[in-house]
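Notebook open, structure loaded. I wanted to look up a few spots and then the chain as a whole.

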Amino acid sequence: MNNNTQIQLLTPQHWKDYELIDCGDFEKLERFGDFILIRPEPQAVWPKALGDAEWNKRYHIKFKGRSATSGDWLKKNPKSADRWHITYKNDDVAIRFRLGLTSFKHVGIFPEQAVNWDYISESVKGFKTENPKVLNLFAYTGGASLIAKAAGADTTHVDSIKQVVTWANENQELSEISNIRWVVEDALKFVKRELKRGNTYNGIILDPPAYGHGPKGEKWKLEDHIMEMMRDVVQLLDPKEHFLILNTYSLGFSSVIVENLIRTSFPQVENLEIGELYLQATAGPKLPLGVFGKFRKFA
């Protein structure tokens, strides 16, 4: 076992429609397409680089929290749209997203995930397998699913929240792709059923929340369930040709934990990479946004 895995720091390289302008004082100033938003950011414990006056001059829409989980959007111009579209394009594929102002500060995309999307499209394009099968678990509005499908994979998208899967389907239509398989189910239950069926996948993406609930109230707590999930998931990997991405956004989870999870559940792992995702603010600071472990094997 080689335990000298280098910890990487990775940030997206291909975004034209997204920019982190600045972050600090527990907020971030970011541009999504034509709109500049101010949103809460618990990790931004340092002061703003640009200062309040500059932020107030630039923003169009600001999120004001009412509680830990909800709040209101304040618009400078009341006629500003609640929904709009952006594009992501890398060397292999292009996809489109419908963004929207939700009551819990999200807009329907996690821009740092573009690092993982690039790895997915590169892996799918590099496989010798025709129509490689990709499984996206905890799949949210489907960025990774869209990328996998656009790159040529037979793609299954699993999320426990029906409205989010509906949103992902809208993104599929916007991206002018089709035939992603949509599954509204608890991710762990789905994986166990696929094991019983003897199904395998060439690519598996996991982006689990710290806490969550399945459609029938199944409880998910990252530290309690991730080892069981990993042990099951690696059994679904095609032995000849595969990739796996484990991404976690949980304060206190380090990339070394992710490395240990992968090595203990899949001792034969090849080409393991671990590290941290961040967004580089134009004004200077780096904003850390989760840790990852990923590996792949080509035929």
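I call a residue buried under 20% relative accessible area, exposed over 50%, and partly exposed in between (1.4 Å probe, protein chains only). Helices (H or I, at least four residues) and strands (E, at least two) are DSSP runs, numbered from the N terminus. This is a predicted model, so I note that local features need pLDDT of at least 70 and side-chain atom pairs count only at pLDDT 80 or more, while totals for chains, interfaces and linings use all residues. Numbering runs from 1 along each chain as its sequence is written, and side-chain values use heavy atoms, with hydrogens and water left out.

**Entry: helix α7**

I looked up α7, residues 255-265, and found S255, V258, E259, L261, I262, R263 and S265 buried. What do the buried residues of α7 pack against? I get β1, α6 (222-233), β15 (242-248), β16 (273-280) and β17 (286-297), with contact meaning heavy atoms within 4.5 Å. At the helix start, a side-chain oxygen of S254 comes to within 3.2 Å of the backbone nitrogen of V256.

**Entry: T5**

I found T5 in the segment before β1 (7-10). T5 counts as buried because its relative accessibility is 17%. Leaving out residues up to four places away in sequence, T5 touches E259, R263, L272 and I274. Two side-chain polar contacts turned up: T5 to E259 at 3.0 Å, and T5 to R263 at 2.8 Å. For these I use N or O pairs within 3.5 Å; within protein, one atom must be able to donate a hydrogen and the other to accept it, and residues adjacent in sequence count only if both atoms are side-chain atoms.

**Entry: A168**

Is A168 buried or exposed? A168 is buried, at 0% relative accessible area, and sits in helix α4 (residues 162-174). Beyond four places in sequence, I list Y140, T141, G142, L146, H157 and W182 as touching A168. H157 is eleven residues from A168 along the chain, and their C-alpha atoms are 9.0 Å apart.

**Entry: whole chain**

I count seven helices and 17 strands. The radius of gyration is 19 Å, which agrees with the value near 19 Å for a compact globule of 299 residues; I take it over C-alpha atoms, and the globule rule is 2.2 Å times the number of residues to the power 0.38. The C-alpha box along the principal axes is roughly 55 × 40 × 40 Å. Buried residues make up 54% of the 299. Of the contacts with a separation of 6 or more, 63% join residues 24 or more positions apart.
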